[in-house]
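Please read them with the structure open.

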Amino acid sequence: MSRKNLALHLAERPTGDIVPGKTFKLVETDAPTAEDLKDGQILIETLYMSMDPAMRGWLSESRSYVAPLPIGERMRGLVVARVLASKSAKAKEGELGLVRSGWTEVAVVDESLFSVVDLPRGAKITDALGAIGMTGMTAYVGLKHIGQPQPGETVVVSGAAGATGLVAGQICKIRGCRVVGIAGSDDKCEMLVRELGFDLALNYRSPGFRDDFVKATPDYIDVFWDNVGGEILEVALDRAAAKARFVMCGAISGYNNKGASTKGVRNLTQVVKQRIRMEGFIAPSDFADDFPEARQQLGAWLSEGKIKRKETIVKGGIRAADTVIGDLFSGKNVGKLVLEVKAYEEVGDSKL
């Protein structure tokens, strides 16, 4: 009996939250096999799927850095996969790789979409998606080119308990900065301080958040790493130091908003008054030449214990993907959110 394959395809564009069982359609087909391979192609099976806030934007028809996902097509996404068969010199059967194959259990992919997973000592398979993966490298290059944190400066990170925010904060601590994190619960704030070494963390849901923010930034903000946008960005702009650098990585507070419900930032004149550098960027489109450096340095810091991983791994396979992605917008995850499609028992502690 031939193996079956499950995948999730876009059924309709969401106008607000992604609705499980409605936004995406579960599609079952016969799984591709080694016989389907052409030269330069690889047959892979998905082990772990990266769940990222940016995915919500790919479902929208608005102009962006990537074309909208067409209705009826398989959802995009980065995964850690195992090679089942290969007609490519870049992959061998049994190897693990990072693949942009999307939300599917099995796929035939072009070799250009595949890179072998190469982990430093002490790393986990899922670190290839998190601390030393795209999210970690995003933090590294955004700080190197835009944030440019200096010893003694005050850095504030919104969405600090998320995948990119917690790496950005830890890098700034390594650079000798005073780091203030913003998160959505007291437990997350405690984790940021006690486990990751942030100097202070504020719960934006606290009634006294605005006053606490002022007290936490007596010398104003030199670097603001923004994952959230909206009202928190407004608060940060009011506390910006002269010549502050604002690294615009995301704006998750507005990703699910419907049209007119999206609120604008009302104090952008602060950018002029304080001569703020406010710059957005997209990884890996921007600063890609620095990714090898970022990967090597993050791996060294992870091995040395200077950076600690935080991840939320959810089991459930492909069927659970359209539910699990909602956890990003409700704040259920801590650190990198990963969906386990098929478990992998790690062997050894070095290159795989």
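1. Lys336 is buried, at a relative accessible area of 4%; buried means under 20% relative accessible area, exposed over 50% and partly exposed in between, with a 1.4 Å probe and protein chains only. The side chain of Lys336 meets that of Asp52 in a salt bridge, 2.5 Å from N to O. A salt bridge here is a side-chain nitrogen of Lys or Arg within 4 Å of a carboxyl oxygen of Asp or Glu. This pair links distant parts of the chain: Lys336 belongs to strand β15 (residues 336-340), Asp52 to the loop between β3 (41-51) and α1 (54-58), and 284 residues separate them. Asp52 also counts as buried, with 17% relative accessibility.

2. The model is predicted, so local features need pLDDT of at least 70 and side-chain atom pairs count only at pLDDT 80 or more, while totals for chains, interfaces and linings use all residues. Residues are numbered from 1 along each chain as its sequence is written, and side-chain values use heavy atoms, with hydrogens and water left out. Helices (H or I, at least four residues) and strands (E, at least two) are DSSP runs, numbered from the N terminus.

3. How many salt bridges does a search of the whole structure find? The search finds 19. In general, side chains of opposite charge can pair when their charged atoms come close. One of the bridges joins the side chains of Asp30 and Lys4, at 2.5 Å from N to O. Asp30 is in strand β2 (residues 24-30) and Lys4 in strand β1 (residues 4-10), so the pair links distant parts of the chain, 26 residues apart. Asp30 is partly exposed at 46% relative accessibility, and Lys4 is partly exposed at 39%.

4. Asp327 and Lys332 also meet through their side chains in a salt bridge, with 4.0 Å from N to O. Elsewhere, a network of salt bridges links Arg3, Glu45, Arg82 and Lys342.

5. The structure holds six aromatic pairs. Rings of Phe, Tyr and Trp (its six-membered ring) pair if their centres lie within 6.5 Å; planes under 30 degrees apart count as stacked, over 60 as edge-to-face and the rest as tilted. Phe209 and Phe213 are an edge-to-face pair, because their ring planes stand at 65°, with centres 5.8 Å apart. The two residues are four places apart in helix α5 (residues 209-216), which puts about one helical turn between them. An α-helix has 3.6 residues a turn, so residues three or four places apart point the same way. Phe209 is buried at 7% relative accessible area, and Phe213 is buried at 1%.

6. The rings of Phe224 and Phe246 form a tilted pair, with centres 5.1 Å apart and planes at 50°. Phe224 lies in strand β11 (residues 221-226) and Phe246 in strand β12 (residues 240-248); the pair links distant parts of the chain, 22 residues apart. Phe224 is buried at 0% relative accessibility, and Phe246 is buried at 0%. Trp225, Phe281 and Phe287 form one aromatic cluster.

7. The axes of helix α2 (residues 134-147) and helix α8 (residues 291-304) come within 9 Å and cross at roughly 110°. Axes are lines fitted to C-alpha atoms, for helices over the stretch in contact, and angles run from 0 to 180 degrees between N-to-C directions. The two helices are therefore roughly perpendicular to each other; angles under 35 degrees count as roughly parallel, over 145 as roughly antiparallel, 65 to 115 as roughly perpendicular and the rest as oblique. Contact means heavy atoms within 4.5 Å. Among the residues making this contact are Met137 and Tyr140 of α2 and Leu298 and Trp301 of α8.

8. In helix α6 (residues 230-238), the buried residues include Ile232, Leu233 and Glu234. Their cover includes α5, β11 and β12.

9. Asp127 lies in the loop between β7 (114-116) and α2, and is buried at 1% relative accessibility. Neighbours within four places in sequence aside, Asp127 is in contact with Ile132, Gly133, Leu302, Arg309 and Glu311.
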